[in-house]
Amino acid sequence: MTRLLLLADTHVPRRARDLPAEVWSAVEEADVVVHAGDWVDVPLLNALEQRATRLVACYGNNDGPALRARLPEVARADVDGLALAVVHETGPATGRERRCDQAFPDVQLLVFGHSHIPWDTTTPGGLRLLNPGSPTDRRRQRHCTYLTARVDDGELADVVLHRLPPRVAP
């Protein structure tokens, strides 16, 4: 069994000085941390590389040259027999399933970000699409969020959306 932590749109330090403590605890518990871009600055990437057992990540539209030099636009990995890809943007919600089926025919799970809106669907082709929302910038959502899941012999299971409590100003 492999424990996954799915993150996107952390926007540190613009939207928060750091990840919430609950998310750092989830990093420590995860076997694989997946980050779907919009880091904003290199120190968070450095910290996740140091603390995560394994990191699978891409850059987002708010990530500059320093992050783009270290991260791909699309990251791919085999996680316990599950073909996974992570990309920041998938375009508008309308037509997303069709576009992703065409763009990622060899993948079982696609993790994406950009909208800050949690998303969990399965395409007609059987591709699971997950957006964890954002743990630091809820935008039009009631809560900041992230996802956890597990992989057992190539099968994704126990996908859970975690809602973070509101931040208290110091």
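I looked up the open sheet of five strands with the order 3-2-1-9-10 and found mixed pairing; strands are DSSP runs of E of at least two residues, helices runs of H or I of at least four, both numbered from the N terminus, and two strands pair if DSSP finds at least two bridges between them. Strand 3 (55-57) and strand 10 (155-163) are the edge strands, each pairing on one side only.

I noted that this is a predicted model, in which local features need pLDDT of at least 70 and side-chain atom pairs count only at pLDDT 80 or more, while totals for chains, interfaces and linings use all residues. Residues are numbered from 1 along each chain as its sequence is written, and side-chain values use heavy atoms, with hydrogens and water left out.

I then followed strand 9 (residues 145-152), which runs antiparallel to strand 10 and is joined to strand 10 by seven bridges. R150 has A157 in strand 10 as its bridge partner.

Strand 4 pairs with strand 5 in the antiparallel sense over six bridges, and V79 stands opposite L82 in strand 5.

Finally, I examined T90, in the loop between strand 5 (82-87) and helix 4 (96-103). T90 counts as buried because its relative accessibility is 12%; buried means under 20% relative accessible area, exposed over 50%, partly exposed in between (1.4 Å probe, protein chains only).
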